[in-house]
Amino acid sequence: TMPPKVVITSPENKTYREVSLGFVVNRGVAWMAYSLDNKANVTVSSGLTLSNLSQGAHSIKIYANDSAGNMGISNVVHFSVDTLAPSIVIMVPRNQSYDTTDVQLTFTINEPVMSLEYSLDGEEAQAIIGNVTLVALSNGGHYVTVYATDDLGNSAQETVYFNIAPFPVLLLVATIVIVIILVAAGYILFKFRKP
């Protein structure tokens, strides 16, 4: 008269990227099934991977029926599925030119992450904990990529292209010097010109 005792060992009350169903039964049974999100029972005989689960919260329980018709029901396990990669938005730099060789790398991520890195111009990725300053950038085109991986292994990356074109101070100074020399030479020629 005692129903079988069923205990769900997997999933647990946490968030998963991939969900496997595992359970133990205290004795032999004639039939077992699970109910996902209170939907129709699905017959099962051993552990399996629960595939095509939608993003978000779920619940599961298992039924076990012995040959005498005694029905055992497991505890209900609530869990979540997260298969979405983090969303990265790079705010600075933007796809434009900057007149400085130091540029702040400012970005936001929509969820906590386990791993955060950036790469400048395809170089080896450097681990960071947040916004950083890209220093001593050479003139010309550059690109920076931010990589993020959440606790479940969902990864994302975002790249932005920008240009470094500092104000041409040397060119401006050279132009002013040339203008001064030409004006001075013109003045000297005008002043010492023979009548």
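The side chain of D150 reaches the backbone nitrogen of L152 at 3.0 Å, in a predicted model. D150 sits in the loop between strand 16 and strand 17, strands being DSSP runs of E with at least two residues, numbered from the N terminus. D150 is buried yet has no salt bridge; buried means under 20% relative accessible area with a 1.4 Å probe, protein chains only, and a salt bridge needs a side-chain nitrogen of Lys or Arg within 4 Å of a carboxyl oxygen of Asp or Glu. The nearest side chain of opposite charge, R17, lies 6.5 Å away. Leaving aside residues up to four places away in sequence, D150 touches D82, L84, P86, E111, P112, V113 and M114 (contact: heavy atoms within 4.5 Å).

Overall, the protein has one helix and 17 strands (a helix being an H or I run of at least four residues). Its C-alpha trace spans about 135 × 25 × 20 Å along the principal axes, and 33% of the 195 residues count as buried.

Residues are numbered from 1 along each chain as its sequence is written. Local features need pLDDT of at least 70, side-chain atom pairs count only at pLDDT 80 or more, totals for chains, interfaces and linings use all residues, and side-chain values use heavy atoms, with hydrogens and water left out.

Conventions:
Buried means under 20% relative accessible area, exposed over 50%, partly exposed in between (1.4 Å probe, protein chains only). Lys and Arg count as positive and Asp and Glu as negative; His and the chain ends are not counted. A polar contact is a pair of N or O atoms within 3.5 Å; within protein, one must be able to donate a hydrogen and the other to accept it, and residues adjacent in sequence count only if both atoms are side-chain atoms.
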